[in-house]
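Trainee: Could you go through this model with me, one question at a time? I'd like to see how each answer comes about.
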Amino acid sequence: MGLLMWLRTGLLMALLTGLLMAIGYVFGGPSWAFMMFLFSMAFNFITYWYSDRIVLSWYNARIVDEYEAPELYAIVRNLAERAGLPMPKVAIIPTDTPNAFATGRDPKHAVVAVTTGLLKLLNRDELEGVIGHELTHIKNRDMLIGTFAAAMAGAIIQLAYWARWIAIFGGFGRDDDDAGNVLAAILVAVLAPIAAMLIQAAVSRSREFLADEGGAKISGKPHALASALMKIEQAVRYRPLRNGNPATAHMFIVNPFRGVSIANLLSTHPPTEARIERLRKIAEEMGIYF
């Protein structure tokens with residue numbers, strides 16, 4: 001598991017670094033490509049050590065203790081013990097859109113974050129199912145590659161956004177009068193976000209099924225997790241998250257950005273219906289019937 005995780009993380013770093021270097025080459029040739037390489041190396045280092053803080057800051061998430069959120073804290077602590085994990089930090093995101101994610105570079109530095117909307121929407125059993133899902137991501141060490149992908153893809157999307165405006169207003173490069181450079185800049189500006197989202201999709205889809213299974217077994221309540229997924233899915237349709245970073249879509253238990261960004265052109269999660277059906281089968285295997 002450890003070796004595979006590091007191989008996947010290394011491959012992701014290489015792919016995203018190459019994409020950044022390609023963007024730099026289009027705009028300024030070899031010198032800019034080298035600058036993007038140096039930038040990506042520094043960014044890789046910062047992301048490894050501080051990715052959880054970066055992502056939590058995007059959502060104004062606040063770390064809470066057991067006195068501030070006793071029920072939530074108790075659920076996380078009990079399920080973490082059941083899963084054989086160190087107690088992760090617990091964070092609350094101030095938004096009515098119901099959702100949750102896990103972040104951090106390893107189980108000893110993990111954070112489970114939930115929104116205020118999730119706490120209002122779900123009952124205790126459903127919340128336990130969701131927390132079990134997120135703890136499974138921690139146990140399977142999905143957070144490092146997922147959080148890294150979010151931070152790096154976010155940087156690429158921002159660079160592509162700037163590239164689009166540079167191309168529109170004349171830009172810069174080896175030859176400002178070269179229409180081919182402008183065309184290439186526009187192409188990079190369009191393709192870079194799509195490439196970043198494709199990487200996210202490759203990282204996340206199969207891991208969600210595994211996290212659902214683990215969450216069902218850790219909580220012992222596959223039916224409650226299925227009910228939670230259905231409630232979150234329906235709520236997100238009517239109340240998508242609007243003040244967040246689409247590059248983090250794959251981190252959430254259900255994509256919260258539906259209908260509001262380019263990220264929605266590419267699926268970062270399996271269909272919720274398929275996840276619920278799979279949870280029904282898991283419940284039957286556990287001798288539990290809906």
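Trainee: Is Phe43 buried or exposed?

Mentor: This is a predicted model, so local features need pLDDT of at least 70, side-chain atom pairs count only at pLDDT 80 or more, and totals for chains, interfaces and linings use all residues. Residues are numbered from 1 along each chain as its sequence is written, and side-chain values use heavy atoms, with hydrogens and water left out. Buried means under 20% relative accessible area, exposed over 50%, and partly exposed in between, with a 1.4 Å probe and protein chains only. Phe43 has a relative accessible area of 16%, so it is buried.

Trainee: Which residues is Phe43 in contact with, leaving aside its neighbours within four places in sequence?

Mentor: Start from its place: Phe43 sits in helix H1 (residues 2-58), where helices (H or I, at least four residues) and strands (E, at least two) are DSSP runs numbered from the N terminus. Phe43 and Met152 are 109 residues apart in sequence, yet their C-alpha atoms are 7.9 Å apart in space. Contact means heavy atoms within 4.5 Å. With those sequence neighbours set aside, the partners of Phe43 are Ala151, Met152 and Ala155.

Trainee: Now the whole chain. How many helices and strands does it have?

Mentor: Read the pattern along the sequence: α-β-α-β-β-β-α-α-α-α-α-α. The secondary structure comes to eight helices and four strands.

Trainee: And what percentage of the residues of the chain count as buried?

Mentor: Let's look at contacts on the way: among those between residues at least 6 apart in sequence, 70% join residues at least 24 apart. For burial, the chain has 290 residues, and the share that counts as buried is 52%.

Trainee: What is the order of the strands in the sheet?

Mentor: Strands of a sheet pair through backbone hydrogen bonds, either parallel or antiparallel. Two strands pair if DSSP finds at least two bridges between them. Here E1 and E3 are the edge strands, each pairing on one side only. The sheet is open, its pairing is mixed, and its four strands have the order E1-E2-E4-E3.

Trainee: What about E3 and E4: in which sense do they pair?

Mentor: Take Thr103, whose bridge partner in E4 is Val111. Strand E3 (residues 100-103) and E4 have four bridges, and the sense is antiparallel.

Trainee: How many bridges join E1 to E2?

Mentor: You can follow two of the opposite positions: Arg62 faces Ile92 in E2, and Ile63 faces Ala91 in E2. Strand E1 (residues 62-64) runs antiparallel to E2, and the number of bridges is three.

Trainee: How many of the residues of strand E4 are buried?

Mentor: Check both directions: Val111, Ala113 and Thr115 point one way from E4, Val112 and Val114 point the other way, and all are buried. E4 (residues 111-115) is therefore largely enclosed by the rest of the structure, and its buried count is five of the five.

Trainee: Is H7 roughly parallel or antiparallel to H8?

Mentor: Axes are lines fitted to C-alpha atoms, for helices over the stretch in contact, and angles run from 0 to 180 degrees between N-to-C directions. The axes of helix H7 (residues 222-238) and helix H8 (residues 272-285) come within 9 Å and cross at roughly 170°. Angles under 35 degrees count as roughly parallel, over 145 as roughly antiparallel, 65 to 115 as roughly perpendicular and the rest as oblique. That makes the pair H7 and H8 roughly antiparallel.
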